[in-house]
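Please follow this account with the sequence and the three-dimensional view open together.

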Amino acid sequence: MKHLTNEWPEHAAAPGTHARVLELMQRRLGSLTGLLIADLPCGAGAFSRQLAGLGADVTPMDIAAVEPFLGERQRRERVDANGRLPYCRGERRFDVMVSMEGIEHLENPTQFLRECARVVRPGGHIFLSTPNVDSLRSRRYALVHGFHRYFGPVNDTDKDSGHLHPVDMIFMHGACRRIGLEILETAVNRIEKKNWLTELLRPVLTRRLPQYMRGEIPFYGDCIIYALKVPG
């Protein structure tokens, strides 16, 4: 995950993502008080701070020591999510793993999901978001520009914002099935630019997808959010 330490914004996620992820967490988990939650990548720590304010025991993690940091600085851990997470085999520390817009930065997204499942206790949850490359907006952008929104080249080795892999729904469903993660729910940060024309186009543009992927989600929304459960 490539961070520009001195330029990292307070809210690096797409608009509305923090609020939507928190809504899903509270609906699925109830009170967050006392839950052990890992936030990777935590960026400037805005979401970690919000979770801590609700009583959670939060461990913010990131590859970079972003400044200014809004969370509890003494709890922050430097972690490169491209490799093995720094916990022993069989050690499942966390009730919840939160990863907002991190997986698309990684060299091996499937391995990252395996690592998340490894360090979350059986029956625990993973809440993960990533740019929605299945959306009409991203498809239209790719048609005009030749690449998905947020994944354009900036030079001959790097893409926009340090992104590496567009992670679509087919990939996520396949990876979760191989790992054994249950997809409880799929959401988006917000549904916008929906009108009669886009609804007319939706059945045509999604006809090759499985039936359950042809709805408003993932067709609308900048960011797609997955609520996952670790078996146990």
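**From the sheet to its helices**

Strand β2, residues 57-62, is joined to β3 by two bridges, and the two strands run parallel. One point of this pairing can be located by residue: M61 has E77 in β3 as its bridge partner. The model in view is a predicted one, and the description below should be read accordingly.

The pairing of β2 with β3 belongs to an open sheet of seven strands, ordered β3-β2-β1-β4-β5-β7-β6, with mixed pairing. At the edges of this sheet are β3 (77-78) and β6 (182-188), each of which pairs on one side only. Further along the order, β4 and β5 pair in the parallel sense over six bridges. Here V96 stands opposite H125 in β5.

How enclosed is strand β5 by the rest of the structure? Ten of its twelve residues are buried, so β5 is largely enclosed.

Helix α2 may be considered next. It lies across β1 (36-39), β2 and β4 (94-100), and runs at about 175° to β2. The buried residues of α2 are A46, F47, S48 and L51. Against which elements do the buried residues of α2 pack? They pack against helix α1 as well as the strands β1, β2 and β4. After α2 comes G55, which has a positive phi, near 95°.

The contact between the two helices can be described in more detail. Helix α1 spans residues 17-29 and helix α2 residues 46-53; their axes come within 11 Å and cross at roughly 35°. The crossing of α1 past α2 is right-handed. On the α1 side, H18, V21, L22 and M25 take part, and they meet A46, F47, Q50 and L51 of α2. By class, this contact comprises six nonpolar residues, two polar residues and no charged residues.

Attention now returns to β5, for one of its residues. P131 is found in this strand, which covers residues 120-131. Is P131 buried or exposed? Its relative accessible area is 4%, and P131 therefore counts as buried, the limit being under 20%. Leaving aside residues up to four places away in sequence, P131 touches E101, E104, Y150, F151, H163, V167, D222, C223 and I224.

P131 can also be related to F219: the two are 88 residues apart in sequence, while their C-alpha atoms are 12 Å apart in space. The structure holds two aromatic pairs. One of them is formed by F219 and Y220 in an edge-to-face arrangement, with 5.2 Å from centre to centre and 85° between the planes. F219 and Y220 are both buried.

R114 has its place in helix α3, which comprises residues 109-119. Its relative accessibility is 38%, and R114 therefore counts as partly exposed, a class that lies between under 20% and over 50%. R114 and H145 are 31 residues apart in sequence and 33 Å apart in space, C-alpha to C-alpha.

Note on methods. Residues are numbered from 1 along each chain as its sequence is written. This is a predicted model: local features need pLDDT of at least 70, side-chain atom pairs count only at pLDDT 80 or more; totals for chains, interfaces and linings use all residues. Side-chain values use heavy atoms; hydrogens and water are left out. Axes are lines fitted to C-alpha atoms, for helices over the stretch in contact, and angles run from 0 to 180 degrees between N-to-C directions. Helices (H or I, at least four residues) and strands (E, at least two) are DSSP runs, numbered from the N terminus. A crossing is left-handed if the near helix is turned anticlockwise from the far one by less than a right angle, and right-handed if clockwise. Contact means heavy atoms within 4.5 Å. Ala, Val, Leu, Ile, Met, Phe, Trp, Tyr, Cys and Pro count as nonpolar, Asp, Glu, Lys and Arg as charged, and the others, Gly among them, as polar. Two strands pair if DSSP finds at least two bridges between them. Buried means under 20% relative accessible area, exposed over 50%, partly exposed in between (1.4 Å probe, protein chains only). Rings of Phe, Tyr and Trp (its six-membered ring) pair if their centres lie within 6.5 Å; planes under 30 degrees apart count as stacked, over 60 as edge-to-face and the rest as tilted.
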